[in-house]
Amino acid sequence: MKLSGKVAIVTGGSRGIGFATARILSENGATVVLTAKNQERLEKASSEIPNSLGIAADIKNKNDVKNVVSKTVAKFGQIDILVNNAGIFPKIKELHMIDEDEWNEILDVNLTGQFRFTKEAIPYLQKTSGSIINISSDAGLKAYQGFNADAYSATKAALILLTKCWALEYAKDKIRVNCICPGVVDTDMTKPFLKTQKDKEFMDNEHPIGRIGQPEEVGKAVLYFASDDASWTTGAILAVDGGESIK
Ligand SMILES: NC(=O)c1ccc[n+]([C@@H]2O[C@H](COP(=O)([O-])OP(=O)(O)OC[C@H]3O[C@@H](n4cnc5c(N)ncnc54)[C@H](OP(=O)(O)O)[C@@H]3O)[C@@H](O)[C@H]2O)c1
């Protein structure tokens, strides 16, 4: 029980990487607040995770985000762990075809959304010397031929640098801030790219280990950063990607 007595917020906790992470944190003793936009999915998710509570919020809405943080503190008294995981993926297209509204939507969810949650949680993390884990992507580490999701890549690269900025800014409060860059993981987000056997083989082969990842493999890395096992680790960027980014 590496996280006994700890209270965690996992954004995008209703499915995929966020859901797997929330379950692993709960199995390790944490009380977990899951947040996501879709109420129904959120309720189902929290019913499957012991010691969890779902609080619906659109990460684009400042007041929704404030509500999640204040309800968490009102109910559980503290925040020790914030997992900035919620994210969306755009339609693949070259930069000159992207509409400005589409661009802004990705930035609003994947970047400003992480800012909103972090800003609200920091005063409570200062009290607990807590930990922030940002979920970026291999797409934030390098460019990939044909990937053509520029707004997404920009938000993920920004999150890598913000991890280092926040780690430095809040080291005085002993808040640790770390970041995980997954390769392709089997979730709803990647389903459209894994429709056929040929798609699957292509994606598997993109990863030197020979397969795409499972959400739990990212969740276990979150557990490491959230626990005292990583007590001297801050500002770290960890690729959890079957080797995809080293090619
Ligand atoms: N899957 C991959 O291959 C991969 C690779 C690298 C990085 N990542 C990153 O890992 C994170 C999780 O990805 P995933 O694959 O698990 O995605 P997913 O299965 O599509 O789940 C996305 C989660 O984010 C939530 N979300 C989306 N928009 C939101 C909004 N406006 N307000 C609040 N919550 C919102 C969703 O909530 P609802 O259920 O309410 O929609 C859902 O819980 C993302 O940041 C993604 O960029 C994923």
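The legends below describe close-up views of pockets, a cavity and salt bridges in a predicted model. Local features need pLDDT of at least 70 and side-chain atom pairs count only at pLDDT 80 or more, while totals for chains, interfaces and linings use all residues. Residues are numbered from 1 along each chain as its sequence is written, and side-chain values use heavy atoms, with hydrogens and water left out.

**View 1. The largest pocket and its lining residues.** On a 1 Å grid over the protein atoms alone, a pocket is an open set of points with protein on both sides within 12 Å along at least five of seven lines, whereas a cavity is a set where a 1.4 Å probe fits but cannot get out; lining residues have an atom within 4 Å of a point. The largest pocket holds about 1300 Å³ of space, a volume being the space filled by probe spheres set on grid points joined across faces, edges and corners. Its lining comprises 49 residues, with Gly-87, Ile-88, Phe-89, Tyr-152 and Met-189 nearest the centre. Helix 1 (16-27), helix 4 (100-128), helix 5 (150-170) and helix 6 (197-206) each give two or more residues to this lining; helices are DSSP runs (H or I, at least four residues) and strands likewise (E, at least two), numbered from the N terminus. By class, 22 lining residues are nonpolar, 16 polar and 11 charged. Ala, Val, Leu, Ile, Met, Phe, Trp, Tyr, Cys and Pro count as nonpolar, Asp, Glu, Lys and Arg as charged, and the others, Gly among them, as polar.

**View 2. The second largest pocket.** This pocket has a volume of about 270 Å³. Among its 17 lining residues, Ser-129, Gly-130, Lys-174, Arg-176 and Ser-231 lie nearest the centre. The lining has five nonpolar, seven polar and five charged residues.

**View 3. The largest cavity.** The structure holds one cavity of 30 Å³ or more, and about 50 Å³ of space lies in the largest cavity. Residues lining this cavity include Pro-90, Lys-91, Glu-102 and Asp-150.

**View 4. The salt bridge between Arg-15 and Asp-188.** A salt bridge places a side-chain nitrogen of Lys or Arg within 4 Å of a carboxyl oxygen of Asp or Glu. The closest N and O atoms of Arg-15 and Asp-188 are 3.0 Å apart. Arg-15 lies in the loop between strand 1 (7-11) and helix 1, and Asp-188 in the loop between strand 6 (176-182) and helix 6, 173 residues apart. Arg-15, Asp-188 and Lys-191 are linked in a network of salt bridges.
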